[in-house]
Amino acid sequence: MSIASENVSEERQSSGNEICTLLIAEDNLGDFVLLTRTLAKMNVHCTIVRAQNGREALEYLERCGDPPLNDRPTHFILDLKMPILGGFEVLEWVRENSNYKNLPVIVLSSSAIESDVLKAEKLGVDAYLVKPAGLEELAELVRKILAIWKLPHKSQAN
Amino acid sequence: MDIAETTIQETLLHAAMLAWMNDLAPQGILVTDTELRVRAWNKWLEINTHQNASQVLGRHLSEIFPNFDLRSLKQYYENALQGQASVLSHKFHTHFFPIPLQGQGCFMHQSAYIASLVMGEQVIGTITLIEDVTERVAREAELQKKAEDVTRLLASEQAARFLLDEANAQLEERVRQRTHELTESNAALEFFSYSISHDLRAPIRNILGFAQILEEDYGATLDKGARDSIGVIANSARSMEGLIQALLDYSRLSRVELALEPVSITEVLGAAKDQLTVQMREAHAVIEEVGELSRVIAHKQTLIQIFSNLLSNAVKFVDQNRAPRIRISSESRDGRIRVWIEDNGIGIRRQDEQRIFEMFERLHGPESYSGMGIGLTLVRKGLERMGGCCGVISQVGVGSRFWIELPAA
């Protein structure tokens, strides 16, 4: 895999005939790379689209909204604290948009401040997960995500 | 009784009445002719004015009353001669006849009644009744004073109430202000914590993650020195992450209101184990729950954190060639539940048993960061906030028996 450069806002990882498109709104490039690397290591097959902030995420969602394009996201991993437009604004927009109101969303944030968790749950998310430090912990996080979403993946050998 | 008898009796009664009026009446009675010359001056007047009837009879009123004209007394008598009676209230003519009161340094208060004496159709003189109203005035003055006192008292009570209200309002305002300030500083603290948790942790996640990637992807091609350096970077990042988490937890614990509710220890233990999945798997730790674990009154998230810290310590502080074995049990003690967390770790020296719960609060040097200090300080703080307590009994080289105590649900 390659690392997305700062001025390319969307990066696609394609590995054939996958049926899922995962939109990841994440401003921190390192976090994005660590997550997608772990997804790849765990053989998760999906097209990954990166939005560097909330506005890019909205623009992307709008573009493939109506009529639906092939790479319309089927799943959405959303960071909360992002420049230009934050995660909650994106989530609100998504829940009010007829094309996306049922889009599965997982919030992936640096912290689990109670008010944030409650707000996210109120708007409707499949999970509120905290970004861990460390590759092992990241693998654990991805296992949690896979337990919630049936993303196409091959089980690891071990 | 015949007419003569009746007449005699009437005459006698008249005479008696006159005698009474002259000698015994408790008022001054003064009679003048139409010239306003004194024609009758009773005993009361003699006694009170110290002037005998013989001294004043036949004299004009102006010779007897000082300032007769000035005080417009003349007017009243002339009115009386016209058949018009006057009442001179003591309120306007305090001393109708100036009579000093003995030993009191003041004058007698009087009221006077001036009327005409009429025979047939003709006015033949005047009669004046003078009454001593000193006592009445004094009584009235006293009543007046009392009324004034009451008014003053009411006024001062009103003033007091006003001041009290004012003070109350000020107090309320100050409380409001203080609350506002506290809320603000609380919000500022919360924002600070929020910023720390987001902005400070992101680079650490990346340092740790990428150090590990280096090791995973290029470790084989690097020499030992390079690999060791990567290890130091990773470990430092890990301890930094742990420290930030502990600081956040601690500051949160200190300021957030904890809503207490019945909590299942089993459930809380499960959540705490979830948080430590990786650590426990790596260490091959085994946790054994002994018997039915009771329910307690606590704040669930805080209790999860407390168990997570205690379990993490139990997993961390074990002799390298031993797998951590942790035993959880609970017992009832006077309406409280004591939960035991027993490990087979390295143990704590007797003299350090109390200190380990306090290290974080008085930490100064960087050496204090490492070890169990932070986690256990959080444990104690959390329990304190929930009305509980904790302790440890330990034997070096054998293991520690930590306990926490909370109200039973």
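**One asparagine, then the sheets of chain B**

Tutor: Start with N28(A), which sits in the loop between strand 1 (21–25) and helix 1 (29–41) of chain A. Here helices (H or I, at least four residues) and strands (E, at least two) are DSSP runs, numbered from the N terminus. Some housekeeping: residues count from 1 along each chain as its sequence is written, while chains are lettered from A and ligands numbered from 1 in the order in which they are written. This is a predicted model, so to speak with care: local features need pLDDT of at least 70, side-chain atom pairs count only at pLDDT 80 or more, totals for chains, interfaces and linings use all residues, and side-chain values use heavy atoms, with hydrogens and water left out.

Back to our asparagine. N28(A) is buried, at a relative accessible area of 17%; buried means under 20%, exposed over 50% and partly exposed in between, using a 1.4 Å probe and protein chains only. Its side chain reaches the backbone nitrogen of G30(A) at 2.9 Å. The polar-contact cut-off is a pair of N or O atoms within 3.5 Å; within protein, one must be able to donate a hydrogen and the other to accept it, and residues adjacent in sequence count only if both atoms are side-chain atoms. Setting aside neighbours within four places in sequence, N28(A) is in contact (heavy atoms within 4.5 Å) with R50(A), A202(B) and N206(B).

Helix 7 (224–255) of chain B has 32 residues and spans 47 Å from first C-alpha to last, close to the 46 Å expected, where the expected span is 1.5 Å times one less than the number of residues. Among the buried residues of helix 7 of chain B are I230(B), E241(B), D249(B) and R255(B).

Now the sheets. One is open, with five strands in the order 9-11-12-14-13 (chain B) and mixed pairing; two strands pair if DSSP finds at least two bridges between them. Strand 9 (286–289) and strand 13 (389–395) of chain B are at the edges with a single partner strand each, so one side of each has no neighbour in the sheet. Neighbouring strands of this sheet are turned by 20° against each other on average, direction ignored; axes are lines fitted to C-alpha atoms, for helices over the stretch in contact, and angles run from 0 to 180 degrees between N-to-C directions.

Strand 9 of chain B runs parallel to strand 11 (325–333) of chain B, joined by four bridges, and E288(B) has R327(B) as its bridge partner there. Helix 8 (265–275) of chain B packs on the sheet, touching strand 9, strand 11 and strand 12 (336–343) of chain B, with a direction about 175° from that of strand 9 of chain B. Strand 11 and strand 12 of chain B run antiparallel over eight bridges, and I328(B) partners I341(B) in strand 12 of chain B. These two strands make a hairpin with two residues between them, and D334(B) in the turn has a positive phi of about 50°.

Another open five-strand sheet has the order 2-1-7-6-3 (chain B), with antiparallel pairing. Its edge strands are strand 2 (38–41) and strand 3 (86–88) of chain B.
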